[in-house]
There are 4 protein chains.
Amino acid sequence: MANAPIRLGMVGGGGDAFIGGVHRIAARLDGHYTLVAGALSSTPERARASAEALGLARSYDDFAQMAEAEAARDDGIEAVAIVTPNHVHADAAIAFLERGIHVICDKPLTATMEDAARLAEAARHSDALFMLTHNYTGYPMIRQAREMIAAGDLGKLRLVNVEYVQDWMTGPAEGKQAEWRVDPARSGAGGSIGDIGTHAYNLACFVSGLTLDRLAADLDAFGAGRTLDDNAHVMLRWQGGAKGMLWCSQVAPGNENGLRLRVFGDAGGLEWSQEEPNTLWFTPFGEPKRLLTRNGAGATAGNTTASRIPGGHPEGYLEAFANLYTAAAQAIQARREGAPLPDDLLFPTIEDGLDGMRFIEACVRSSANDSSWVTP
Amino acid sequence: MANAPIRLGMVGGGGDAFIGGVHRIAARLDGHYTLVAGALSSTPERARASAEALGLARSYDDFAQMAEAEAARDDGIEAVAIVTPNHVHADAAIAFLERGIHVICDKPLTATMEDAARLAEAARHSDALFMLTHNYTGYPMIRQAREMIAAGDLGKLRLVNVEYVQDWMTGPAEGKQAEWRVDPARSGAGGSIGDIGTHAYNLACFVSGLTLDRLAADLDAFGAGRTLDDNAHVMLRWQGGAKGMLWCSQVAPGNENGLRLRVFGDAGGLEWSQEEPNTLWFTPFGEPKRLLTRNGAGATAGNTTASRIPGGHPEGYLEAFANLYTAAAQAIQARREGAPLPDDLLFPTIEDGLDGMRFIEACVRSSANDSSWVTP
Amino acid sequence: MANAPIRLGMVGGGGDAFIGGVHRIAARLDGHYTLVAGALSSTPERARASAEALGLARSYDDFAQMAEAEAARDDGIEAVAIVTPNHVHADAAIAFLERGIHVICDKPLTATMEDAARLAEAARHSDALFMLTHNYTGYPMIRQAREMIAAGDLGKLRLVNVEYVQDWMTGPAEGKQAEWRVDPARSGAGGSIGDIGTHAYNLACFVSGLTLDRLAADLDAFGAGRTLDDNAHVMLRWQGGAKGMLWCSQVAPGNENGLRLRVFGDAGGLEWSQEEPNTLWFTPFGEPKRLLTRNGAGATAGNTTASRIPGGHPEGYLEAFANLYTAAAQAIQARREGAPLPDDLLFPTIEDGLDGMRFIEACVRSSANDSSWVTP
Amino acid sequence: MANAPIRLGMVGGGGDAFIGGVHRIAARLDGHYTLVAGALSSTPERARASAEALGLARSYDDFAQMAEAEAARDDGIEAVAIVTPNHVHADAAIAFLERGIHVICDKPLTATMEDAARLAEAARHSDALFMLTHNYTGYPMIRQAREMIAAGDLGKLRLVNVEYVQDWMTGPAEGKQAEWRVDPARSGAGGSIGDIGTHAYNLACFVSGLTLDRLAADLDAFGAGRTLDDNAHVMLRWQGGAKGMLWCSQVAPGNENGLRLRVFGDAGGLEWSQEEPNTLWFTPFGEPKRLLTRNGAGATAGNTTASRIPGGHPEGYLEAFANLYTAAAQAIQARREGAPLPDDLLFPTIEDGLDGMRFIEACVRSSANDSSWVTP
């Protein structure tokens with residue numbers, strides 16, 4: 001794709017915000033974007049300083065100003081990355097979507113169901129694209145897992161269990177990364193279930209192809225003075241009869257980013273862990289386990305396509321993230337050319353975002369109702 | 001312990017029954033027992049043939065005859081191992097306990113709550129000892145985990161998650177090992193939850209020192225025509241505020257005997273897997289993970305005591321099982337001498353067996369009642 | 001095998017000697033032996049105390065006395081386990097072999113080549129059996145590896161690399177286990193190369209079926225004041241064109257008993273580690289890696305035969321050791337009956353012992369000669 | 001570093017050459033370079049097509065033309081990446097160095113010692129920088145390992161063992177990646193020892209801080225009709241008394257890019273594997289093993305500096321490669337400003353390249369001379 005790089009803006013992500021840097025690297029890695037404008041912080045001085053440090057051509061005090069100004073320029077941004085705390089997502093995304101600027105938005109979709117509905121409405125009425133960065137779907141072995149299940153390699157699915165386990169909130173919630181995550185006004189009704197549980201849920205859906213029927217959840221806030229959950233146990237009933245469990249935690253010492261997925265059917269099983277993302281365990285029932293590798297022997301088309309370098313040379317989190325950005329670039333390029341979107345683009349959409357919001361809401365509702373089974 | 005070996009009998013375990021052979025090796029491994037009598041099968045011809053193949057001095061057609069005859073001999077058995085299907089446990093154990101013969105019984109305790117109550121009554125009124133072979137408690141690293149938690153190395157416990165995952169019932173239930181396990185008349189009301197879920201539950205209690213307050217369970221029978229569960233998802237609420245999950249399955253391809261325990265407190269975490277039993281992961285919160293080993297650097301007293309050989313030379317399932325037999329031998333030897341039982345003997349008792357039965361019953365009850373929270 | 005247990009004696013192994021206890025458990029585990037007599041220590045008081053603690057019927061002050069007395073008894077020992085330091089092996093073994101008593105001897109064969117030749121002469125002229133306990137050959141996955149290679153699953157072999165890495169001599173050599181191992185008079189000319197290098201070499205030969213052509217060695221004694229090697233690097237040239245490396249060390253912190261074997265041919269590769277003995281990695285070239293398991297899917301006959309319990313329930317060092325004792329029992333039983341030895345018995349013989357001694361000698365010779373290539 | 005991106009050119013790397021793509025991503029990842037010119041192939045049509053596909057501003061038919069033309073432009077390239085087969089490195093690098101253009105060159109340095117000497121001479125006389133992409137030195141855990149050893153955490157070093165094991169040449173050498181590597185005219189005298197053995201050797205030196213004294217090598221060409229080695233076993237003697245082994249292979253089925261380093265001193269040990277690059281095993285002698293992680297608990301300054309994202313989110317090969325490009329950018333920026341180079345820049349230089357060439361030559365020489373000890 002040797003076309004001119006896509007002009008990208010960013011909302012949030014100033015200073016040393018972890019996720020802003022990730023989005024910038026992901027945009028850069030495959031060479032499809034050039035970052036030219038930003039409203040990098042809700043504090044104007046910090047926004048300006050960050051923009052200067054990054055060498056941005058244009059810095060704005062807030063996203064509204066930025067949307068208006070960029071939409072008015074001939075060389076204005078074509079896409080924007082929104083990497084603020086959750087409660088800002090909806091208004092920011094809507095501002096750009098309404099002006100025909102493509103939106104790449106961090107997850108979860110919004111802080112509230114009302115915001116989610118507003119944003120979905122805007123997305124559906126806009127010609128601009130909306131992509132949600134459920135980045136774990138970008139891993140090559142996850143693509144292979146999805147393809148193998150779709151091809152029937154596991155037979156009829158019976159179990160889809162997933163967990164996302166961290167430990168960084170074991171003690172008091174301190175620092176910029178932690179503070180807004182424990183504040184319902186900025187995070188929404190879900191704590192860990194919104195921050196990482198939605199990732200786990202999205203990944204389970206993406207790989208299995210299943211739709212959740214009901215769930216029963218037990219949420220806890222173990223940290224002193226914390227009101228939002230930092231641990232959630234959830235039982236899952238998938239449509240069609242499969243069952244599952246989801247566990248997310250931010251208070252389990254010894255776990256950095258333990259996102260692990262296990263899927264079992266009547267003909268085989270798959271196991272994957274984000275901390276060793278270049279491998280995938282596959283067991284055809286009754287045969288020895290096989291360790292499939294990224295771009296290695298037995299790789300499916302999706303595995304190979306999502307890979308840049310030979311097997312045994314580890315790719316990681318940033319490459320998976322970049323795979324989403326590249327898919328978005330291909331879609332945006334199609335729009336530039338007035339062409340239909342390629343069939344095989346795999347990036348999470350507004351519908352995935354809504355699904356995630358319903359999942360969070362259902363978990364909170366079930367937990368508040370004595371862990372009864374509820375429909376998302 | 002150079003005393004005369006304990007004269008042991010066995011009920012069940014004829015032919016190629018897996019668990020009978022395990023008990024015989026466990027009894028032999030440390031040299032404390034000599035197997036002299038048996039009622040090895042409910043089919044007399046098979047019982048006799050098995051006894052002859054094993055070189056037993058005395059073979060009986062049934063346990064009742066055996067209990068009576070052995071109790072009458074000067075050189076009769078001092079202890080009996082009961083390794084039949086679950087529905088025979090109670091009557092057999094009672095027959096020996098009433099005659100003052102120590103009982104070593106496989107788990108779960110019985111097939112029904114009524115049987116469990118009868119057996120408990122008999123055990124409490126007998127001078128003979130009763131040991132239940134929750135054998136996973138015999139692993140050295142499990143002993144270390146228990147000791148570390150008791151010493152406060154994890155701080156206040158927040159999470160105790162455990163799973164026991166197999167795949168051998170993925171297809172139809174065939175063969176001697178499978179058939180009785182899917183028959184409620186012989187297994188009881190629990191399928192996988194009784195066969196392996198109780199092991200997982202017992203291990204979680206043994207290591208954590210916690211008592212279960214309530215549970216919510218979702219049981220499934222995925223195998224065609226199966227009435228008993230072959231998969232169970234259970235949410236746990238421990239007394240004192242800790243939470244947990246228990247998953248057991250016999251239909252998860254790629255899992256042989258995946259018993260895995262994870263415990264997290266506000267100061268640290270532990271992780272252990274039965275398939276790699278000689279190691280234990282320990283993370284003091286905020287420090288690097290440490291890989292503790294059997295009889296290796298940092299071993300606690302219980303780890304060392306339960307070990308026979310240096311670290312790095314793997315011990316396994318049979319040695320852990322033998323640790324229970326050896327503890328029972330030490331208790332029996334104390335009885336021989338009229339001495340009090342040693343303080344530090346660690347073997348599961350009738351109370352553990354009752355606890356396990358209540359756990360099974362509660363899981364079945366909750367699952368039948370839309371996974372509502374129930375008290376065991 | 002329900003025949004009367006074989007009457008066994010033991011030379012060495014008193015007090016808390018590690019390897020004596022291992023031999024006793026290995027003899028007991030499958031029920032084929034009963035230990036009745038011993039000359040358990042070169043110190044008579046310790047010998048008597050150890051014998052009493054073990055409940056032995058007969059204790060002797062030295063092996064010569066024991067050989068004579070036991071040979072004269074109708075109920076004398078049929079076999080003897082020799083578990084002394086290396087320099088005693090030859091005289092002790094010869095004393096029993098000359099009297100028709102089967103010998104089970106720890107490795108390496110002897111301390112000197114002269115002793116080895118004398119012992120080999122005695123073994124060849126005796127009707128009694130001689131077994132050397134290269135115990136790692138008893139692991140089920142090692143049996144499978146040997147069978148797969150013999151069946152051509154790896155194609156023509158190109159590389160056989162093996163290592164045995166420990167750390168317990170990193171500091172000064174202290175304690176009973178260490179002291180005689182650093183004393184040439186008791187150990188022989190090899191330090192780590194004799195103690196563990198021979199195990200590695202024997203395992204490589206056993207699995208690959210290859211014969212060593214030449215070697216080039218670089219031996220070091222890193223420990224202060226040590227004269228015998230505690231680390232050895234060896235390059236290997238196998239007959240027929242395959243190459244290899246052998247590394248053994250007792251000064252590599254972080255390694256308990258890291259015996260690891262890797263074999264590669266033009267059609268596939270195998271990798272095995274003693275610290276995770278229940279698995280074996282197999283890669284047919286161009287296909288995904290497969291994790292073969294003990295008694296699991298894809299097990300060969302030798303794997304299954306050497307296993308006692310289902311896959312996923314780990315067996316370990318003691319069971320592998322017991323597999324040698326059981327093979328010896330089957331051979332002894334054949335001798336009792338005047339029958340020919342079963343074809344498929346796999347235990348290391350006097351020829352393996354001689355081969356190991358030539359290996360040690362060649363390593364020492366090459367290292368002393370500027371690591372030149374030498375023929376063992 | 002928000003300065004204007006460095007204008008970069010590339011020699012080689014057209015079409016689907018693996019390593020060209022790697023360099024381009026590495027240059028892009030942290031945003032310090034912009035690729036503007038190239039002589040991407042020795043076939044002019046392919047060069048032009050590749051340049052167009054990449055959107056390069058300027059394409060040249062050969063490096064000489066490119067060096068001359070770019071040096072003459074005001075907006076000419078400031079640095080060039082050389083990613084051709086080995087035999088082109090010297091002439092190409094010299095052409096740019098002589099014109100004051102910084103050179104980033106793939107390894108090994110050249111195909112012959114004569115070329116290496118010429119190139120070194122040119123580099124020493126040029127004001128331009130020369131960086132060799134021994135990219136594995138860019139991994140954060142490798143930086144930590146180096147720092148820990150320098151800080152004395154392992155005590156006095158005794159053993160430095162390293163291996164780099166692949167399997168892709170197990171069959172015939174086919175395809176563009178393989179063909180030139182088996183051709184002495186393009187690769188030089190070393191096959192696997194030059195292609196991957198130099199990486200292993202460089203890594204061992206970088207981490208240990210040791211200098212090689214002598215080596216003894218045994219090289220083989222197992223592939224049919226192959227003249228260059230595809231497997232090498234090498235014994236190492238480091239200055240100061242430490243020993244080691246190096247094994248590299250391209251014919252070991254089941255290994256993708258198994259670069260593994262193990263270092264042991266009298267106070268501790270370290271183990272690292274490129275296929276799991278985000279962790280590092282550290283054992284202080286006599287204490288439990290610790291699993292150090294990238295940007296995790298216990299990270300050293302070099303680990304943190306070389307990391308972009310939190311621990312548990314895997315970084316990989318491309319990020320490590322980019323760390324070298326970023327160090328080069330910092331050096332080039334210093335040159336732009338006429339400032340001295342920062343003290344803490346870690347990138348391999350011409351001296352490392354010469355050292356690697358001497359290593360290759362010594363291996364070939366030793367192997368040809370019956371594996372005698374030689375001085376590099």
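The model is predicted: local features need pLDDT of at least 70, side-chain atom pairs count only at pLDDT 80 or more, and totals for chains, interfaces and linings use all residues. Residues are numbered from 1 along each chain as its sequence is written, while chains are lettered from A and ligands numbered from 1 in the order in which they are written.

Let us start inside chain A. Chain A is divided into domain 1 (6–128) and domain 2 (139–309 + 355–368), with bounds that come from an automatic or database domain assignment. Between the C-alpha centres of these two domains of chain A there are 27 Å. Domain 1 of chain A puts 13 residues into the contact and domain 2 of chain A puts in 14 residues; two residues are in contact if their C-beta atoms, placed from the backbone, lie within 7 Å. On the domain 1 side, the elements giving two or more residues are α4 (86–97) and α5 (113–125) of chain A. Helices (H or I, at least four residues) and strands (E, at least two) are DSSP runs, numbered from the N terminus. The domain 1 side that touches domain 2 in chain A divides into 8 nonpolar, 4 polar and 1 charged residues. Here Ala, Val, Leu, Ile, Met, Phe, Trp, Tyr, Cys and Pro count as nonpolar, Asp, Glu, Lys and Arg as charged, and the others, Gly among them, as polar.

Next, look at how chain A meets chain B. In this interface, 33 residues of chain A are in contact with 32 residues of chain B. Strands supply much of the story here: β7 (157–165), β8 (212–220), β9 (231–238), β10 (243–249), β12 (268–273) and β13 (279–284) of chain A each give two or more residues to the side that touches chain B. Of these, β10(A) gives the most, with 4 residues. By class, this side of chain A has 13 nonpolar, 11 polar and 9 charged residues.

How do the two copies relate to each other? Two copies of a chain are related by a rotation about an axis and a shift along it.

Chain A is superposed on chain D by a rotation of 180 degrees with 0.0 Å of shift along its axis (RMSD 0.0 Å). The two copies are thus related as by a two-fold rotation axis. Since 100% of the interface residues of chain A are also interface residues in chain D, these copies meet through the same surface.

Finally, let us see how some helices pack. In chain B, helix α4 (residues 86–97) and helix α5 (residues 113–125) pack at an angle of about 10 degrees, with their axes 9 Å apart. Axes are lines fitted to C-alpha atoms, for helices over the stretch in contact, and angles run from 0 to 180 degrees between N-to-C directions. That makes α4(B) roughly parallel to α5(B); angles under 35 degrees count as roughly parallel, over 145 as roughly antiparallel, 65 to 115 as roughly perpendicular and the rest as oblique. Among the residues that meet here are B:Ala90 and B:Ile94 of α4(B) and B:Leu119 and B:Ala122 of α5(B).

In chain A, the axes of helix α6 (residues 140–150) and helix α9 (residues 192–208) come within 7 Å and cross at roughly 45 degrees. Therefore α6(A) and α9(A) are oblique to each other. Their contact has 6 nonpolar, 1 polar and 1 charged residues.

Note on methods:
Least-squares fit on C-alpha atoms with pLDDT ≥ 70 in both.
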